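Subject: Structure for your files

Hello,

Please read them with the coordinates open.

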Amino acid sequence: MSTDHSPIFSLEVFPPKRNAAVGTIYDTLDGLQGVDPDFISVTYGTGKQSDRTATARISNTIRQEYDIPVVAHLTAQYLDKDGADEALDLFEQAKVRGVLALRGDSVEGREPAGVFEHASDLAAYIRSTHPDLDVYGACYPEGHPEATSLSQDVENLKKKVDAGVSHLVSQLFYDNSDFLNFISLAREAGIDTPIEAGIMPVMNVGQVRRMGKICGARIPHALDRMLDRWQDDKKSLRAAGIVYASQQIADLVAQGVDGVHLYTMNHPGVTRRIWQNVGDLFEPPSR
Ligand code: FAD
């Protein structure tokens, strides 16, 4: 890894649920004032509560009203080509910088459309139909839970990059050595795109244990101790979580990573405090 470049810093927000007040996204975005990301990514919901146009609308708001470049997520497995075109056209109208092409998780009782089996299929489709959009992709430092091994997952990741993904954003992890090991494997496999490290600040015990189960994120001893020590004291756990995430980021930047993607969980106060700790490690974005 090279340490002579300035790392990227980006944020992730999610649209409010269908019945939630639209204004909640403004609370999040207003609360992020003072934080200076290279881009903000906006997630795409697949559940029943999700509004299919919300990602495009919020992307448009972020770009127009806050003047920050946007990457819009799109999950593929329940889309046919018309559905994908509809979403991609809306993203183009919102002038997003790129699309994070995902397969998405399976929703119980919902039959996949059978058009885009893997994220790489959507990536190839975007490349051929919407060449002006940059294609981003997800990667998994500890391996995707469905993959039989990390090396098999990295082989599949190479297919995604070969299909047209030019920038990767990682799943959350709590031990930097897992990410650094993954970067070595990815580079050995010939993946030479920028790879941003996904950091999710610890805010409560349930969240960490749940994410551990869902995405297989290993909980290192130091974090486990923190969770035990402050399991009944939300305020202290939150404070310790901010320190933990800040230390992870400072170490990753020192190790020369390409960038850091902070999962804000729509909690701007936590993001702001982390930015106060580590913001000076990043060059201001050139826009
Ligand atoms: P894929 O890249 O298709 O991988 C899924 C599995 O298939 C892996 O095991 C992989 O090894 C295997 N595979 C991939 N390509 C091939 C191939 N060509 N041949 C054989 N096997 C293959 N979910 C949402 O619903 N909305 C979001 O907005 C969202 N944003 C996310 C952002 C990030 C940064 C990350 C890390 C995850 C996000 N997710 C989101 C969750 C994501 O949808 C799930 O992790 C999902 O299970 C996998 O999606 P993927 O795009 O990584 O799938």
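**Strand β1 and its neighbours**

Strand β1 is joined by five bridges to strand β8 (residues 259–263), and the two run parallel. Within that pairing, L11 has L262 of β8 as its bridge partner. Bear in mind throughout that this is a predicted model.

β1 also pairs with strand β2 (residues 39–42), again in parallel, through four bridges. Here S10 stands opposite F39 of β2.

How many of the six residues of β1 are buried? Six of the six, residues 8–13, are buried, so the strand is largely enclosed by the rest of the structure. Burial applies to both faces: I8, S10 and E12 point one way, F9, L11 and V13 point the other way, and all are buried.

**The ligand shell**

There are 24 residues around the ligand, of which T43, H73, R103, A119 and A138 come nearest. Two or more residues each are contributed by β3 (70–75), β4 (98–102), α4 (119–129), α5 (150–162) and β6 (167–172). The largest share is that of α5, with four residues.

Sorted by class, the shell holds eleven polar, seven nonpolar and six charged residues.

Regards

Technical notes:
Residues numbered from 1 in each chain as written. Predicted model: local features only at pLDDT ≥ 70, side-chain atom pairs only at ≥ 80, totals over all residues. Buried ≥ 20, exposed ≤ 12 C-beta atoms within 10 Å, placed from the backbone. Pairing = 2+ DSSP bridges. Near = placed C-beta within 6 Å. Nonpolar A, V, L, I, M, F, W, Y, C, P; charged D, E, K, R; others polar.
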